[in-house]
Every structure is written in C-alpha cells, then in structure tokens.
Amino acid sequence: MQEVKLQFGQSDYRMQEAFKTLRSNIEFCGGDVRIIAVTSCTPNEGKSSVAMEMAKSFAEAGNRTILLDADMRKSVLVGRYRTGAVKMGLTHCLIGRAKFSEVICSTNVQDLYVAFAGPVPPNPSELLGGGAFESILKNLKNLFDYVIIDTPPLGSVIDAAVVAKQCDGTVFVVESNAVSHKFAQRVKEQLDMTGCRILGVVLNKVDVNSKGYYGHYGKYYGKYYGRYGDEKK
C-alpha cells in the first residue's frame, strides 16, 4: 500500500457544516447506498473537490472510506492536493499491471484512503465498463463503509454513465449560474437511463452576496452550501 499526505486548503465552519449536511443526507438515503459516483455537466464545476470533501467528511465521522479517482482522462487530484509521488494508479490495476492493494494509498486523514487515476489510457470507457472494474468495486464494498468515485463530467464524455451503472447512487454537482436548465436536464436524463439512483444535486460556487432570485432565503443557505473556495473542477 502506498502512503500519501494530502494537503487541504483552509476550510471555514460553514464549509464543514455543508459537507456534514451532505453526508447526513446521503446516510438517510439508506444503508445500502455505499458506492457513490460524483459527476457534473461540464469541467470546472467543482465536482472533484466535492468528491474529496465528501470522502473526508465520511472518514472524519468514523467510516472507513475510499475515494476512487475514475476521472482518468483529466485527473486533477494528485496535483491539487500536493500528494507528492504516486507510483501506481487505477489504470495500472485495470490493465493488469498492479494489484489493487498496490494502488490504494493510505492518507494522513484517519480512515480515508485514496486510489488515484494513474496514466491516461487510450480507452477509459472500455476499462471502466469492464469486468476488472466491476470486480474492484465488489471487493471495495467488502473492505470499506463508503466508496466515493470521482467521475468525468457526464456532459462531456460517457464514462460517468458507465460507472454509475455499477453504483448505488450518484451525486450531481452543478455550478451556480454556469449551466443551463436544459443542459442539466439532458445530463440527468442520461443518468436516468443508467438505472442508477440520483441521490441529489450539489449547487456549487453560489455567490452568497448576490441579491438576485433567491433573496434572503437563498443568501442564508448559500452561506452553508455555496462557497467551496476556488476549486476548478
């Protein structure tokens, strides 16, 4: 097993409470919801940061949790969290060059483990839809309380839908004032076709100082759910 030290940016009380609420809402979805995909419509909506913070929140609550980086086309997690050298990733495991035990990284957060994407393969969708990935998820469900999977934006490539078919639920991240309702609806319909349960939507990057449509109600809740720093994906 590899070891990495994750370096998180500063988070205030409101951000911590937002992810505690998100964690609680997922827990209320039922004990059978343990493998959870996280996706978005487009790049840069913050879904990778949401996936990492979700996993961290579950771990801090005493759940043995692993974050699986399945965004193999454009992973940002290694660089963003300044992990240092990571020799083995998910790609190595899916092509048979490493055992999954060699891919998993323990972290400096108790009960939080991460498996990074690894090198970009020529056929991500085929690898994620293959028997090797399905077998990995089955094994992880026996080893961990929660498996959080960061997937590519579904509005860009089909990988997230391929992964969602094998998950207990999906969290849909939408950037405020960045994605049209019609586009978000089309992406939701793609998720519906996979048969995977949509657990809910995280409205990200909300401008809490705006005096627009949401008024006082939106401003109040925006303080708790809207500000996740300046994450780009």
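Predicted model: local features only at pLDDT ≥ 70, side-chain atom pairs only at ≥ 80, totals over all residues.
Q: Which element of the chain has the lowest confidence, and which the highest?
A: Across the chain the average pLDDT is 84, and 87% of the residues score at least 70. Confidence is lowest, at a mean of 40, in helix α10 (residues 215-225). At the other end, with 97, confidence is highest in strand β6 (residues 146-150).

Q: How are helix α1 and helix α2 oriented to each other, roughly parallel or roughly perpendicular?
A: The axes of helix α1 (residues 13-27) and helix α2 (residues 47-60) come within 9 Å and cross at roughly 75 degrees. Angles of 65 to 115 degrees count as roughly perpendicular. The two helices, α1 and α2, are therefore roughly perpendicular.

Q: How many nonpolar residues does the contact of α1 with α2 have?
A: From α1, the residues M15, F19, K20, L22, R23, I26 and E27 take part, and they meet V50, E53, M54, S57 and F58 in α2. By class, this contact has four charged residues and one polar residue, while the number of nonpolar residues is seven.

Q: What percentage of the residues in the chain is buried?
A: The chain, with 10 helices and eight strands, exposes about 11500 Å², of which carbon and sulfur atoms supply 48%. Of its 233 residues, the buried ones make up 50%.

Key:
Residues numbered from 1 in each chain as written. Heavy atoms only, no water. pLDDT = per-residue confidence, 0-100. Helix = DSSP H or I, 4+ residues; strand = E, 2+ residues; numbered from the N terminus. Buried < 20%, exposed > 50% of the residue type's maximum accessible area, 1.4 Å probe, protein only. Areas by Shrake-Rupley, 256 points an atom, 1.4 Å probe, with all protein chains shown as cover. Axes fitted to C-alpha atoms, helices over the stretch in contact; angles between N-to-C directions. Parallel < 35°, antiparallel > 145°, perpendicular 65-115°, else oblique. Contact = heavy atoms within 4.5 Å. Nonpolar A, V, L, I, M, F, W, Y, C, P; charged D, E, K, R; others polar.
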